Amino acid sequence: METESRQHAGSPPAGRPADGNRIDRIWSQLEKNVQRAGARRIIDLFADDGHPNGKSRFDDWSARSDDLLLDWSKTNIDAEARDLLFELAEACGVARARDRMFAGERVNNTDDRPALHTALRNLSGSPVLLDGGDVMPGVIDTRERMLAFSDAIRAGTLTGSGGQPFADVVHIGIGGSQLGPEMACLALRPYHDGPRVHFLSNVDGAHSVDILGLLDPATTLVIVASKSFSTPETMANAVTVRGWLADALGEDRVADHLVAISTADARVRAFGIRPDRVFGFADWVGGRLSMWGPIGLPLMLAIGGGRFVEFLDGGQAMDRHFRDAPPARNLPVILGLVGIWHGNLCGYSTRAIIPYDQRLNRFAAFVQQVDMESNGKSRRLDGTRVVRDTGPVVWGEPGTNAQHSVAQLLHQGTRVVPVEFLVARHGHERERARHHRMLVANCIAQSEALMAGRSIAVATGLMREAGYKGEALQMQAAHRVFEGDRPSLTLVHDRLDPRTLGRLVALYEHRVFVEAAIWGINCFDQWGVELGKELAANLESWVGTDRLPDGRDSSTLGLLRTFQHLKES
């Protein structure tokens, strides 16, 4: 069995001295506090709402950044636990780690890279230094090229091979090259005034058939997004779509319809994409954090360059807030610490993201990737095993749909799932004002119901009024008990516009970073995705053949046999 020395959870990066005793003391105090919290209910913490200074628990346990409001009062965190959590963040070096990231230090130690995705949304003109050089001239140049290209496509001055304006864009990518811009395009649908944008990610042939069957090749622009231009799923789809264009338009016209987001110049040229149609980004931008730059091109095409800059401005505003706001009012810090409380201290292994906004129906999937691909780690920065659970399982569904699908488990299931609600004060559809009032009422009601629940006494009274008696009364009442005491937080914004979406995305990026800093892990690498890809590349040559590889387990061999006589239709 592997033997490893115990590392203090949440200590600073390797090579930096850690106050391990202090960190252990804070964890111990927090563990004692959470044991005491088990003897009370969340709603008990609201008992002093009328205390003399006139401030309620909501006032003390909410924080704002401009119109963004984070209400974390419906958690079982009391004043002592709150202070200990802020102390934990300070002892674990969250602020130091944050400053190192913004300063361009190589915080991604396994790849020996910085993480400067924040530079992509830097609109201030201030330098961002890397190894003594300013990266901003290159960032600005690429952004200006994107804006000029987008303006030309949207204005119809840059057309397809037949001279017709582009009506549709097919963006081919997967993971970080697809989830972010797809989520953002759906979220900002009221601002679309450019070509229709479609996202092709799955290597399943059904995905490309379903998308291409709706489009005219003569008016379709195709973006191939792969930094290495070798991602298997993306390139398989790219070859298919390129063939679709060539069959319809002729090989000599394909280049007029192709764009690449990549840094692999030789591979891009070999694919037939002209250099002026290539937009690259540096290796210090992780895929899941990349839609602030060229990966955001489909969003720019859909909503226009001006609104895309508003999106960047929102992200930069959250960067400033993260750097400047004190911990007690710092939304990423608070969000991260609530996650630590629920995951490490309460033992809740999952969190639900429930946006009460239909256009955020891919937001939970986006946050899922940003969180789980970043913090799904079992090794600390120095390679030793972590001693506390790291990234939770993140999932979600938009409300009110969630109320008719997952809410049963949230309210009456045996597992407690902390919920994060998102809701806007104002919708875009003024003619649907009543719909928005219903939406807001449902969101607030869900958070109240999760916390307050319904007692057996109340349930019994309701069933007695319904005419039940005796054992039937007891049985019916038991099924209508809501234990309550289920934690949630609510994030309110004024309206889902480009700037607000930028702030929300950056908020969740920084939340992931805060949690990673406390656990002492690297949230910027992603080695966990590699092994499956390597094995798939090896197994593809055996699928559909009469041969079997050596040295594989019986399940793998049995599954391969199942596909030995695979026939192409």
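Met 463 sits in helix H16, residues 456-465; helices here are DSSP runs of H or I with at least four residues, strands are E runs of at least two, and both are numbered from the N terminus. The model is a predicted one, in which local features need pLDDT of at least 70 and side-chain atom pairs count only at pLDDT 80 or more, while totals for chains, interfaces and linings use all residues. Residues are numbered from 1 along each chain as its sequence is written, and side-chain values use heavy atoms, with hydrogens and water left out.

With a relative accessible area of 9%, Met 463 is buried (under 20%; exposed is over 50% and partly exposed in between, with a 1.4 Å probe and protein chains only). Setting aside neighbours within four places in sequence, Met 463 is in contact with Tyr 468, Leu 473, Gln 476, Ala 477 and Arg 480, where contact means heavy atoms within 4.5 Å. Ala 478 is 15 residues from Met 463 in sequence, and their C-alpha atoms are 9.9 Å apart.

Now follow the chain to Arg 486, in the loop between helix H17 (470-479) and strand S13 (488-493). Is this arginine, Arg 486, buried or exposed? Arg 486 is buried, at a relative accessible area of 3%. Among the residues that Arg 486 touches, beyond those up to four places away in sequence, are Ile 42, His 411, Arg 415 and Met 451.

Next come two helix pairs. The axes of H3 (residues 79-91) and H12 (residues 331-345) come within 10 Å and cross at roughly 105°; axes are lines fitted to C-alpha atoms, for helices over the stretch in contact, and angles run from 0 to 180 degrees between N-to-C directions. That makes H3 roughly perpendicular to H12, a class that covers 65 to 115 degrees, with under 35 roughly parallel, over 145 roughly antiparallel and the rest oblique. Leu 85 and Phe 86 of H3 are included in the contact, as are Leu 337 and Trp 341 of H12.

For H13 (residues 363-375) and H18 (residues 498-519), the axes come within 10 Å and cross at roughly 25°, which means that H13 is roughly parallel to H18. Phe 366 and Val 370 are among the H13 residues that meet H18, whose own contact residues include Tyr 508 and Trp 519.

Finally, look at H11, residues 305-324: at 1.5 Å a residue, its 20 residues should span 28 Å, and its end C-alpha atoms are 28 Å apart, which agrees. That expected span is 1.5 Å times one less than the number of residues. The buried residues of H11 include Phe 308, Phe 311, Asp 319 and His 321.
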